[in-house]
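Here are my notes for you to read alongside the model.

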Amino acid sequence: MRKQTRIGMIIGVALLLAVIVYTACYAYFRLYIIDHWRNILFVLVCAAVVVALVVLFVNRSREREALIRRLYLSHEWIYNHEIGYARISQVVPDGDAYEFVTFAADALVEMSYGFAVAEAPDDFEPEYMVATTVFDIRQTGDGAVVKQWSGSLHRVVSDPDGQRGTYEVATFENAAELAQLLEENEALL
């Protein structure tokens with residue numbers, strides 16, 4: 001099971017404060033007595049604001065988690081903002097794409113989605129990025145099993161000014177498709 005993140009606690013505290021303020025206004029202004037249309041309007045507006053905030057926070061949290069799950073590859077290094085970096089030869093000794101996918105799945109399962117950012121190696125020039133949009137696991141007696149894993153493989157390019165950008169090579173819907181994309185594009189050589 002994934003550890004609770006600080007952002008989740010911040011959202012919970014913010015929503016708790018909103019509920020406290022709303023309840024205080026509800027009691028102070030006696031909004032439970034429907035004697036004027038403004039009371040109904042105030043209650044509806046407050047409810048709409050709370051729903052909008054919840055949707056906004058959930059979407060931002062999902063976007064943040066997708067950014068944290070990104071894996072950057074060069075022919076020598078693998079890097080992720082949370083797990084840090086390692087030599088490809090250490091985590092994928094045979095250079096096999098399926099071995100890399102197993103390593104990546106294990107790393108994604110262990111992520112805590114915290115706020116600490118690991119430093120990249122000084123000479124790190126990524127060539128590919130694996131962007132995971134959906135990563136869902138199911139806990140079993142033997143451990144975690146990947147239920148759904150989808151995303152895209154991106155090529156990292158630099159412009160003449162040294163600014164990096166990416167373009168999408170292809171999308172994948174499961175671990176086997178990711179491994180096939182990595183092999184086709186020779187991302188681990």
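**Notes on the model**

1. Glu63 and Arg60 sit 3 residues apart in helix H2 (residues 37–68), so about one helical turn separates them. (Helices, H or I of at least four residues, and strands, E of at least two, are DSSP runs numbered from the N terminus.) Their side chains form a salt bridge at 2.9 Å, N to O; the term means a side-chain nitrogen of Lys or Arg within 4 Å of a carboxyl oxygen of Asp or Glu.

2. Before going further: this is a predicted model, where local features need pLDDT of at least 70, side-chain atom pairs count only at pLDDT 80 or more, and totals for chains, interfaces and linings use all residues. Residues are numbered from 1 along each chain as its sequence is written, and side-chain values use heavy atoms, with hydrogens and water left out.

3. How many salt bridges does the structure hold? There are 3. Another one pairs Glu125 with Arg164 at 3.2 Å, N to O. Glu125 is in the loop between H4 and strand E4 (128–140) and Arg164 in strand E6 (residues 164–172), so this pair ties together parts 39 residues apart in sequence.

4. Asn80 belongs to strand E2 (residues 77–80). Is Asn80 buried or exposed? With 0% relative accessibility, Asn80 counts as buried (buried is under 20% relative accessible area, exposed over 50%, partly exposed in between; 1.4 Å probe, protein chains only). A polar atom of the Asn80 side chain lies 2.7 Å from the backbone nitrogen of Glu82, and one lies 3.1 Å from that of Ile83.

Conventions:
A polar contact is a pair of N or O atoms within 3.5 Å; within protein, one must be able to donate a hydrogen and the other to accept it, and residues adjacent in sequence count only if both atoms are side-chain atoms.
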